[in-house]
Amino acid sequence: MTPINQPITEQGRVVSIGEFVRGNIREYGMFIALIAIMIFFQISTHGVLFRPLNLTNIILQNSFIVVMALGMLLVIVAGHIDLSVGSVVGFIGAIAAIMTVQWHMNYVLATVICLAVGALVGGLQGYFVAYHKIPSFIVTLAGMLVFRGLTLTVMTGAGTGTSIGPFPPAFQLISIGFLPNLFDMGGINSTSIILTVIGAVTLVYLAWRARKSNEKHGNDVEPLGFFVAQNGIVALAVLALGYQLSIYKGFPNVLVIMLVLITAYAFITRRTTIGRRIYAMGGNEKATKLSGINTERLTFLTFANMGLLAGLAGLIVALRLNSATAKGGFGLELDVIAACFIGGASAQGGVGKVTGAVIGALIMGIMNNGMSIHGLGTDSQQMVKGAVLLAAVFFDVYNKNKG
């Protein structure tokens, strides 16, 4: 183990493993919790959790949670909350069903319209929060009620009762389709295994580049051996997951959508001006405004972005079920918000990472899947998820007060 008092060089300071972990306790705490939960359910379900079919189901069942968690993270980082996303999911699903099933509209055009409506809904709520200073809790609580009622009104007005379907098969491929096989590899999806290898190599390269950047700017870095070990474990985990998916049907289309969005939002939050300004606004809105930044516009865009992603999630949910229902998206806002807080986002705003939100969503998804395999009822699952959420927020507050 490298001594803590190692001399400082121009390239930065190599700290001990313990000091590095303590400095990144949120990230490592979440990651350790995810690994522990996975091991627990893998053992308790007698190996069912990591079977290719079940892994695919976990992705299909939780893709929309990950998608919305990316938008909710920015809302929470900005110091707000959005309780309406579940209702927006149901509303967009109903609109998509009416346009494609009843009006026989081209599904590409319908997708564009649904995403635009989602962004409009989010922007409308963001307008009241940003420019009229109405607390986001109140605005989005009203939105939750309004759009839940609109969903039922739209569907009953269409004369179809509380369900519309089925969707055109080509449209369904967005949610339940898989990447095609480029060439035969004897029962392994070649496209997926190639993307898996590329992804593992890319993750290691980006981690190495980030380490060199930290050294260059004089930031603390972990010992080289620890860096190699943790990134080797991550790479092996990615390769194992990719292989398991490849021997079943390959990568689901929604997984590709998720990965693209995760990459894009990780770049936005870490490398762009607007991302840094959102974090600054969540940390201290008054100081950010005094520095010349238009905080009202930032808030508006944050909610519009949330509405856009809720619209995409609405399409994914409806297409996976192959029908739009009046109760579509019911309660999803709780899972999305919980995923962000479990992933390390602070209730006070200004703190949170995309990787944390994704890990939080995975924790929620694996718990849901594992408890379902065990046959636990919805009531028991809700109690467990509530306890985990409380523990995650307590952990965050405890470490903040300790620091």
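## Helix α6

Helix α6 (136-157) has 22 residues and spans 30 Å from its first C-alpha to its last, close to the 32 Å expected at 1.5 Å a residue; the expected span is 1.5 Å times one less than the number of residues. Seen down the axis of α6, its buried residues fall within an arc of 160°, so they line one face of the helix. The arc is that of the directions from the helix axis to the C-beta atoms. Helices (H or I, at least four residues) and strands (E, at least two) are DSSP runs, numbered from the N terminus.

The model is predicted: local features need pLDDT of at least 70, side-chain atom pairs count only at pLDDT 80 or more, and totals for chains, interfaces and linings use all residues. Residues are numbered from 1 along each chain as its sequence is written, and side-chain values use heavy atoms, without hydrogens and water.

S136, V139, T140, G143, F147, R148, T151 and M155 are the buried residues of α6. Buried means under 20% relative accessible area, exposed over 50%, partly exposed in between (1.4 Å probe, protein chains only). These buried residues pack against α4 (85-102), α5, β1 (163-164), α13 (295-321) and β2 (324-325), with contact meaning heavy atoms within 4.5 Å. L145 and G157 are exposed on the other side of α6.

## Helix α7

In α7 (residues 169-176), F171, Q172 and S175 are buried. Seen down the axis of α7, they fall within an arc of 100°, so they line one face of the helix. Their packing partners are α3 (52-77), α4, α5, α10 (253-271) and α13.

## Residue I134

I134 lies in the loop between α5 and α6. Its relative accessible area is 32%, so I134 is partly exposed.
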